[in-house]
Amino acid sequence: MFPTDSTNKLSFNRKISDGDLVIVYEKHDNMKAVKVCEKSILENRFGVFKHSDWIGKPYGCKVTSHKGGFVYLLAPTPELWTLVLSHRTQILYIADISFVIMYLELVPGCVVLESGTGSGSLTTSLARAVAPTGHVYTFDFHEPRAVAAREDFEKTGVCSLVTVGVRDIQGEGFPKDLIGVADAVFLDLPQPWLAIPSAGEMLKPDGVLCSFSPCIEQVQRSSETLASKFTDIRTFEVLLRTYEVREVKMDQCQTEEATPGSHRSCKRKLRASEASLWQQDNSGSPIVMARPISEAKGHTGYLTFARLKCVE
Amino acid sequence: MGNSQAQLQVDCSTLTRLPSESLPLLRRPLCFAAALFQSRATLVRQIEREMSMDDNVNSNQNRRITWEGCSVLLDINDGDRLIFSRLTAGAIVKIGNKNYPLQPLIGCPFGSVFQVENGINGPCLSRAIQANNTEDKKECTLKDESRDNRALIDNNTAQTLTGDDIEGLRRQGASGNEIVEALIANSATFENKTSFSQEKYRLKKQKKYDPKVILRRPFARSICDTYFKKYPARIGFLRVDTLSLLLSFGNVMAQSDVLVVDMIGGLLTGAVAERLGGTGYVCNTYLGDSPHSTEIVRIFNFNDEINRRIVRLPLAELSAPEDVDSKEQSVLQAANSVDNPSDQSHPVSMEETIVSKVHKAAKPGEKAPEDAIKLWRENGFSSLIIAAPDVDAWSIVKEVLPSLSFSAPFVIYHQYLQPLATCMHNLQVEKMAVGLQITEPWLREYQVLPSRTHPHMQMSACGGYILSGTKLYNDSQPDK
């Protein structure tokens, strides 16, 4: 997913090969990640697709099934990956992810610590932000999930940037080896205040910590714990509102200047020429309109950020 | 990296706890990871140590200590007043009605706090070590509050100290904190206030008589935040969460070639360059001969490596044949010398001439090198970000989209919804892109204090709109 040097940039060589991970785009809310395998097929509502037909085609192309249905094959990005990965836990979505990366001030070369790994949604974006010289150390106390996350990182090709550890950060804190090494720390734990003191040791002075908590009580407790060694403690909520766009023929409320009187009397007195006028007014050219989509996320979690105080 | 195997094994076991069955399967990559983990940590610490001794301006962009000539963000009273400044020899900041030289800030870590003092040589800023928060503060807010404000009358007669008294105290050498205490002691109503109210009162007096200056690092986040508060029109009302979405949707990362249309003063260009970290390119394209102003890029404290990656190319040349180039190039080179007249008035230009005596500093925003242009014409850019809040979106998109690689993401920011709706519709009809989506980000900040947790009373109602999508393959551009 990420180029390692200038010889394999994203813009180069955008042809699908055997073994590649592609994102199969069926519909806006229907995508899946598929590993291309010469002998495999993909079966969905549009028909049967042979992987062998895909090999050698450029990314972004349209491929057809045996019965003429089609899908698009896209190159994977962390954003698309977040939408297709298998949820072992509740994940973070792009609104929170992008805000976190901005506020943690991550750039290539940074070292960031994360707990819990969960399904690796945020982890993949963290890896992108610090690539190729930085690193993400991520911890989860649930072994099978840590293993599944490692497999995902192999699949998406980010494993050289991510180290997954099985560890109970709330109970044991971060490993002593990482003291003073972290530019940023991200916590998504049920009791983050237990991990905050250890996070403070891992961070460089003026380094940024972020804690993601669904409940306000957790936020309050975390903020109290942060007060001793941290400053600039700020809590935010981010959400996205999506709009739908369609062409709409809007009815006009018409009053005829030539024929005064009520709307109804107009209709009743309709003669040939007036009839065509009425229809013309009614069928104006469609205009592109936007309006918010009625379903929206109301809440994901509160994001609390803080900077480690400078003491020297 | 020359650590013994024995030590490596120990780290392996403390780091992970796998059941023995799975060990043979995962042991090799695990230990390799642990090796990376252990040696990387020590390596990183080594590098940090070396860097703190390295005075060269050109080192890692992630420097945490200020240097002479660096650009800083001064935060007076925790966000009340934000000023961009440069730590040059004669730089000052005006607080109240006094001028404070910024010289003491050079060589201090970002995040340090300074307080105002009346020194021997006049008003000065001195480093204040941030004390750990006191426990007794917590106590008084936890006990049940029995006071209320029913008897308090707000008629400006409660304070017995006059402005002259305070000046007198100052002349006697009283510190800001002492003046605040004196004000509290001389307030007739202070004791009758609730503890919350007392805290608020103390904070208010501190801000006036004992202001604090926080030395902040200019970064995409702080620069965008500050401009959004002070000069939002200059950045097209692009809020920080919206900017963060542009960078994510735009898949900005090291080694990527990002095409941008930046008509918001260079904020987008700078933010992209920051995430590129000195590799890849951020190429600013524009109609006609003169590029849009990108003065905000200068605030970022970029080193040469990063500055070299910030380039520009007129729209006409994005896909023009080779032979037209040389003529246009000479025209543009002539235009270069009179480029950005704002340079001369900006204090930065003086800095750059001083630095150039030591070594030639790379200027951001030079014309893109020929070899890069050639590669872009062959392969396209890896993503496209447009921030042109006063221009019709579709008219720009249809010109620049052909320069994008297939399956590359693009994202367009606009302050109005309608142009994006039209643009999205056209892209759908022409089948140029897939995964199209218009989103509006929403951001709210909270005050979190014991018994006083609630969202802030004010919030930003609009941070603009974003149209994002992925470019589809089309056979009219078979090369890409």
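**Entry 1: the interface**

I began with the whole contact, keeping in mind that this is a predicted model. The size of an interface is often given as the accessible area lost when the parts come together. I looked that up here: chain B and chain A bury about 8200 Å² between them. Of that area, 57% is on carbon and sulfur atoms. I then checked the residues, and found 95 of chain B in contact with 95 of chain A.

**Entry 2: polar links and salt bridges**

How many residue pairs are in polar contact between chain B and chain A? I noted 20, with both residues at pLDDT 80 or more. Strand 14 of chain B (residues 433-447) gives the largest share of the side that touches chain A, namely 13 residues. I sorted that side of chain B by type: 45 residues are nonpolar, 29 polar and 21 charged.

Next came the salt bridges. Over all chains the structure holds 22. Between chain B and chain A the count is six. I looked at two pairs. Arg234(A) and Glu445(B) meet through their side chains at 2.9 Å, N to O. For Arg444(B) and Glu237(A), the N to O distance is 3.9 Å. I placed this pair on the strands: Arg444(B) lies in strand 14 of chain B and Glu237(A) in strand 12 (residues 230-248) of chain A, so the pair joins two chains.

On the chain A helix, the residues in contact include Ile94(A), Phe99(A) and Met102(A). On the chain B helix, they include Val240(B), Leu243(B) and Phe249(B).

**Entry 3: backbone details**

Most residues other than glycine have a negative phi, and most peptide bonds are trans. I looked for exceptions.

- The bond from Ser115(A) to Gly116(A) is cis, with omega near 5 degrees. Gly116(A) sits in the loop between strand 7 and helix 4 of chain A.
- The bond from Ala131(A) to Pro132(A) is cis too, with omega near -5 degrees. I found Pro132(A) in the loop between helix 4 and strand 8 of chain A.
- Gln255(B) is not a glycine, yet has a positive phi of about 70 degrees. Gln255(B) lies in the loop between helix 8 and strand 8 of chain B.

Conventions:
Residues numbered from 1 in each chain as written. Chains lettered and ligands numbered in written order. Heavy atoms only, no water. Contact = heavy atoms within 4.5 Å. Helix = DSSP H or I, 4+ residues; strand = E, 2+ residues; numbered from the N terminus. Buried area = accessible area lost by both parts, 1.4 Å probe. Salt bridge = Lys/Arg side-chain N within 4 Å of Asp/Glu carboxyl O. Polar contact = N/O pair within 3.5 Å; in protein donor to acceptor, adjacent residues only side chain to side chain. Nonpolar A, V, L, I, M, F, W, Y, C, P; charged D, E, K, R; others polar.
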